[in-house]
Amino acid sequence: MEKLLEVKNIYASTNQKTILKGLSLTINKGETHVILGPNGAGKTTLGNVILNNPAYTLDKGKITFDGHDLKNLTTDEIAKLGVFMSFQLPAEIAGISTFNFIKTAKSKQQKNVNVFELKEELNNLAKQLQIKQEMLSRDLNLGFSGGEKKKNEILQLLALNPKLAILDETDSGLDVDAIKVVSKGINLYKNNNNAVLIITHNAKILENLKVDKVHILIDGKIVHSGDAKLVKEIEKNGFSAYKEGK
Amino acid sequence: MAKTKVAQINDSLYDFKNKDEYAFKIEKGLNEDIVKEISKQKNEPSWMLEIRLKALQIYNKLSLPVWGPDLSELDMNNIATYVKPNTDIKSNWKDVPQNIKQTFEKLGIPQAEHKYLAGVGAQYDSEIVYHSIKEDLQKLGVIYTDIDSAIKQYPNLVKQYFSKCVPLSDHKFVALHYAVFSGGSFVYVPKGVKLEKPLQSYFRLNSPDSGQFEHTLIIVEDDASLHFIEGCSAPKYSKINLHAGCVELFVKDNAYLRYSTIENWSKNMLNLNTKKAIIEKNAQVDWVSGSFGSKISMLYPLSVLKGDNSRTEYTGISFAGQGQNLDTGFKVIHIGKNTSSVVNARSISKSGGIATYRSLVSVLPTATNAKSSVSCDGLMLDDISRSDTIPLNNIENNDVVFSHEAKVGKISESAIFYLMSRGLSEDDARALIVRGFANPISKELPMEYAVEMNRLINLELKGGIG
C-alpha cells in the first residue's frame, strides 16, 4: 500500500500551550480514517498543524505528505501538494463570490481554467449537494447558514479534488438531512488514489461511509486504534474507558 | 510564514515625466503682481481679475485649518501657480504636440474617448490642451468646453454661476484657488437633455514645483441628466506640488448628475480640493470617488439638498500607503423636505499610511422627514497604519431617520489561513480580501476605472509588477 500521510511522534503547541503530545498516524492511499475524541483532545490542532497554520507550532516530530517533509512549507504550498481541509468555521469573505473564489483556487492548480466548464461543473455539483445555485454568486460564506457553509466546503473539496481531505468537524451543527448530503459528497470524492481523514466527536456522519480505521484521540495522543467497529463502541460507552485507561 | 512584502508602490504607469517644457511659467510665489500676470496671460475680462484680486485678499486674511493633517510644509514661495503648456487648445488629437499627446495616450484617454465617452477634456499643467464633444450633443445645446473659453463665449452663463456655489471665503485654499485658478471644464446640459455616455476631463500636472488650480463648473438644467468623470495624476518629484481645484455643481429640478473621480496624484502632492453641489427639487447627485495618490489629501465633497425630495449618495474609497495622509469624507446639508442622503465610505491603510473619514451630516429645522444613512468601514493592513472615522452630526429637527455605522478592523489571520489552505499565496489572499473589501465601491466606478482600481490595489499590496 502506498503511504500518503505520515505523522510521526509530533508535539505541537498554540499560544504557548502544548496540545499534541506524541501523536503518530499513517494514512495510505485509498483509506478513510476517523479520529474520535472529546473536546479539547487536540482534534482541530492536528489539521492546523498538518497545513502549517502559523498560529500553531510543530515543536517536535515530523509530518510527511506524498514524500514531502512539510516542515518548511507554507500553507499554500502544502495545499498545492494536494492537502485539503474542510473547516469547522470557514472564514466569511465579503466582496468575493463563491464562484470567483473557487475559480481563483482552481487557477492555482491549473493554468487555464475554462470559466464555462467550471460553471457547469459547479452547477452540477451544487445540485448533487442540494445547494441552491444562487449560493455560487453570493459572497463567500457571508451570511451562510451552518449547513450552507459545510456544504460549500464539500463543494470546494469536489471542485479542487485533492489527494487528502481532512474534514474537521464537518458534521457539527448539521441536521440529519444535511449530514446525509455531506456524506454523499464525501463518497463522491473518495476513490482508490486519495484518502480521507475525518475528525469528529460524534459518529452520525460515519453511518453512510466506509471507514477503514478509527483512532481515539485523548489529551494529544492516539490512545487506541481499531476498525469501524470502534465507532459503535464509542457511541455506546463514550470516551471514559480510554480516559481512565491512560 | 514569510512576511507579506509591502514595498513601495510601483507607480510606473503614472510616473513618467516629460521634460519641463512650457510656453510660459510664472515666477514662484503668490502676490498681486503674479495674480495680475496670470489674468493678463489669459486675456481675461476685468470682472474676472476683480474676483481674483478679491480672493487674494481673502487668502491673505484666512489662516490654515486648525484640524486635520499638518500643512506646514506647504510654502507658496516655492510654488509656481501658472504653467502654460506649449500649445493652445485643440479639438483633434492629431494637432496636440507629440509629447503631450503621448502622455494622454499612456493614460488611455483617447482610447476611452473612442470607446465609451461622449466628450473629453484634457488638461496639461495649467491649461486645457484638448477638448471635444460629440456633434449630436452640441446640436442639442450641450456645452462642454474649457473654462477660459466659456468665460469669453458664454460670459452671462459663467457670471450667473461662477463662485455662486463655492464662495471665495469658504476656506483658505478656496481663496487661493480663485486667485490663481486656471483650466478646468465648463459643462452646460440644457433642460430635458439626458446624456447616455459620460463626459470625462483628465488633469495631468507635469511641471515640478508648481500647482494646478482647475475650476470645474457644471450646470444640469431641469429634467436633464449627466455622468461626469474626472481623473487626475502626476509624475513624482522630490518637492511638494499643490493641487487646489474647485468643483461647482448646479443640479436643477428633477435632474440627475453622477460625478465620478479617480485620483492618483503622485506622493509629493498636497491635494486640497473643494467640491460642492447645490441640488434642487427632486434632483439627485451621486458622488463616486476613489482616492489613491497624494501625500496629503483634504477632500470633503458637499451636497446641499436644497430642494424638496432631493437626494444624494456618496460612495468613496481611499487607500493610504507609506507616507500618505488621506483625510477625506463627505458633507451633506439637508434643507428641503423629504431629502435623503446615503454614505458608503471605505478606507484602507498600510505601511504607516493614515486614512481618516471625516463627515458632516447637517439636518436643518426645515428638512422635515429627512433620511440619512452613513456607513464607513476602515481596514488596516498592519499594526503601524491608522484608520479613523470622525463623524460630526448636527440634527436640528425631530422628524428625521438617521443612522450611522462605523467599523475599523484588520484582516483576520484565520481568513488568510483559510484562503491559503485553498492554494492562494499570502499576497494573493490579502489582495483578495482587500479587493473584496473595496468591491462595493469599485463596482460603482466606470468599468475601466474599476479594473484600474483593482490593478492599483494589487500593485499596492505586492509592491510592483511581476
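Here is a short chat about aromatic rings in this predicted model.

User: How many aromatic pairs are there over all chains?
Analyst: The count comes to 18 aromatic pairs.

User: Why is the pair of B:Phe24 and B:Tyr82 called tilted?
Analyst: The ring centres are 6.1 Å apart and the planes sit at 45 degrees. Pairing needs centres within 6.5 Å, and stacked means under 30 degrees while edge-to-face means over 60, so what's left is tilted. That's why B:Phe24 and B:Tyr82 make a tilted pair.

User: What makes this a link between distant parts of the chain?
Analyst: B:Phe24 is in strand β1 of chain B, while B:Tyr82 is in the loop between α2 and β2, 58 residues apart.

User: What about B:Phe162 and B:Phe181?
Analyst: Those two also form a tilted pair, 5.2 Å centre to centre with 45 degrees between the planes. B:Phe162 lies in the loop between α7 and α8 of chain B and B:Phe181 in the loop between α8 and β6, so the pair ties together parts 19 residues apart in sequence. Both B:Phe162 and B:Phe181 are buried.

User: How do you know that the charged end of B:Lys172 sits over the ring of B:Tyr59?
Analyst: The distance to the ring centre is 3.9 Å, and the cut-off is within 6 Å, along with an angle within 35 degrees of the ring normal. In chain A, the charged end of A:Lys119 sits over the ring of A:Phe99, 4.8 Å from its centre.

Definitions and conventions:
Residues are numbered from 1 along each chain as its sequence is written. Chains are lettered from A and ligands numbered from 1 in the order in which they are written. This is a predicted model: local features need pLDDT of at least 70, side-chain atom pairs count only at pLDDT 80 or more; totals for chains, interfaces and linings use all residues. Side-chain values use heavy atoms; hydrogens and water are left out. Rings of Phe, Tyr and Trp (its six-membered ring) pair if their centres lie within 6.5 Å; planes under 30 degrees apart count as stacked, over 60 as edge-to-face and the rest as tilted. Helices (H or I, at least four residues) and strands (E, at least two) are DSSP runs, numbered from the N terminus. Buried means under 20% relative accessible area, exposed over 50%, partly exposed in between (1.4 Å probe, protein chains only).
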